[in-house]
Amino acid sequence: MTRTSPQPEATTAQGADGLGNGLKQRHLSMIALGGVIGAGLFVGSGAGIATAGPSIVVAYAISGLMVMLVMRMLGEMSAAHPASGSFSVHAERSIGPWAGFTAGWMFWMLLCVGVAAEAIGAASIMTGWFPDTPDWLWVALFMVIFCVTNLTAVGNFGEFEFWFSALKVAAISLFLIIGVLAILGILPGTDAPGTSHLTGDGGFLPNGSNGLITGLLASVFAYGGLETVTIAAAESENPVRGVAGAVRTAMWRVGLFYVGSMAVIVTLVPWNAASVQSKGPYVAVLDELDIPAAGQIMNVVILAALLSAMNANIYGSSRMAYSLAQRGDGPRLLRKLTGGVPRPAVVASSAFGFFAVLLSYWWPETVFTWLLNMVGAAVLVVWALIAVAQLRSRRKLEREAPEKLVVRMWAFPVLTWISLAGMAAILVLMLREDDTRLQLYFTGGLAIILSAVGLFRQRTREERAAV
């Protein structure tokens with residue numbers, strides 16, 4: 001794997017890094033809007049509510065604030081230098097090649113394992129509707145569909161995500177409207193619950209600070225994947241405008257969809273109701289309000305969220321692999337383009353995801369669990385590298401190209417340092433819980449290995465260059 005010279009960041013006939021620019025502004029706007037509504041919100045929030053109780057609202061608000069700061073930092077760098085490798089490129093520019101190598105391959109593995117987990121979840125919904133069909137058939141079908149989708153022009157990926165995101169946004173918006181009407185007692189057949197469920201079922205902090213901490217850890221990882229919009233922006237008609245628009249709307253999106261829906265749920269149903277975990281919090285609320293076919297409606301929405309995440313993760317992982325290969329940090333084959341699409345990278349990313357699915361069938365309690373644990377805290381490593389890269393790049397941009405600071409990090413550098421402190425605090429809190437402690441160890445081991453390989457490669461290149 002030889003290192004190649006950096007490619008120009010074109011944004012005219014081609015997107016950044018030689019890729020196509022087939023994503024329209026409406027695609028990017030809806031990807032940014034719907035990307036915040038992940039499968040983790042619908043599927044994983046029940047466990048957080050069961051441990052934190054009503055204080056889950058605070059947990060999501062705290063973690064959401066940190067995510068907004070990270071996205072602002074990433075937006076500042078991506079608007080200044082649009083690139084398909086996004087934060088991996090920024091880390092290489094500002095910290096060193098080893099950091100770009102580590103961030104890129106760790107994120108690639110995170111997305112590929114995510115593809116596997118989402119494919120398995122989507123298949124379980126389909127076998128619930130069609131009980132005589134095997135799980136593997138649906139997994140194979142979904143993998144083929146989204147691999148083929150990503151092998152064609154990037155506009156096809158954009159269209160799929162546009163409609164998936166439109167469905168998710170419509171569903172969560174309708175849920176919030178129905179919920180607010182029920183809270184106000186305006187919805188027919190309902191009485192305003194007041195604060196009875198917020199304070200009357202063991203209090204706002206029913207499990208004390210430990211419950212809040214557990215809920216906080218669960219909420220942090222529900223936000224993973226938002227970074228993909230900055231990767232997609234590199235293939236849009238106007239990367240700078242696309243990134244700026246997506247980042248600037250992050251605050252109200254996170255506040256409305258995540259924090260808002262958590263507030264509606266814990267206000268309308270008891271946090272300790274069995275249905276919150278068995279059926280899922282959204283179905284529990286809709287059942288409580290006697291909405292017909294609530295379970296099936298939410299299954300459709302959850303399926304859309306899972307398939308959307310699969311599509312986006314194959315896209316994001318393939319672009320990251322392409323960017324790494326283009327910079328000499330991956331196999332040369334992966335940097336091959338056909339019609340502006342990195343097809344070998346798409347196939348490689350899809351294949352790894354499908355292989356991870358097979359691992360879940362062959363060794364569900366061992367190898368697949370290890371794989372999940374290795375990427376369990378990967379998003380925190382990526383976020384930390386984003387923050388450090390932004391600290392180092394901002395001063396350079398102010399000196400050399402202030403006109404590129406289209407998006408600026410708020411209260412720099414104070415909020416960047418606060419973000420880093422928050423990430424460090426979450427890592428410390430992960431040591432308190434058995435499950436998260438294991439994830440931290442596995443992810444830490446992966447990060448150390450990737451960093452060591454990256455440093456070795458960097459020093460080898462420097463020695464060759466010095467000869």
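Arg319 counts as buried at 1% relative accessibility, where buried means under 20% relative accessible area, exposed means over 50% and partly exposed lies in between, with a 1.4 Å probe and protein chains only. The model is predicted: local features need pLDDT of at least 70, side-chain atom pairs count only at pLDDT 80 or more, and totals for chains, interfaces and linings use all residues. Residues are numbered from 1 along each chain as its sequence is written, and side-chain values use heavy atoms, with hydrogens and water left out.

- Arg319 is located in helix 16 (residues 294-326); helices (H or I, at least four residues) and strands (E, at least two) are DSSP runs, numbered from the N terminus.
- The side chains of Arg319 and Ser318 form a polar contact at 3.1 Å. Such a contact is a pair of N or O atoms within 3.5 Å; within protein, one must be able to donate a hydrogen and the other to accept it, and residues adjacent in sequence count only if both atoms are side-chain atoms.
- Beyond the neighbours within four places in sequence, the residues in contact with Arg319 are Leu19, Ser84, Asn150, Val154, Ile231, Glu235, Val341, Pro342 and Val346, contact meaning heavy atoms within 4.5 Å.
- Asn150 belongs to helix 7 (residues 135-151) and is buried, with a relative accessible area of 2%.
- A polar atom of the Asn150 side chain lies 2.8 Å from the backbone oxygen of Phe146.
- With neighbours within four places in sequence left aside, Asn150 is in contact with Phe157, Asn311, Ile314, Tyr315, Arg319, Val341 and Val346.

**Helices 17 and 18**

- The axes of helix 17 (residues 343-362) and helix 18 (residues 367-374) come within 7 Å and cross at roughly 130°. Axes are lines fitted to C-alpha atoms, for helices over the stretch in contact, and angles run from 0 to 180 degrees between N-to-C directions.
- Helix 17 is therefore oblique to helix 18; angles under 35 degrees count as roughly parallel, over 145 as roughly antiparallel, 65 to 115 as roughly perpendicular and the rest as oblique.
- Ala356, Leu359 and Ser360 of helix 17 meet Val367, Phe368 and Leu371 of helix 18 in this contact.

**Covered helices**

- Helix 6 (residues 97-129) has 33 residues, which should span 48 Å at 1.5 Å a residue, and its end C-alpha atoms are 48 Å apart, in agreement. The expected span is 1.5 Å times one less than the number of residues.
- Helix 6 is mostly covered, with 24 of its 33 residues buried.
- Helix 15 (residues 281-288) is also mostly covered, with six of its eight residues buried: Pro281, Tyr282, Val283, Ala284, Val285 and Leu286. Asp290, which follows helix 15, has a positive phi near 60°.
- In helix 3 (residues 45-52), six of eight residues are buried, namely Ser45, Gly46, Gly48, Ile49, Ala50 and Ala52.

**Gly340 and Val379**

- Gly340 lies in the loop between helix 16 and helix 17 and counts as buried at 15% relative accessibility.
- Val379, in helix 19 (residues 378-400), counts as buried at 6% relative accessibility.
- Not counting residues up to four places away in sequence, Val379 touches Leu110, Phe221, Gly224 and Glu227.
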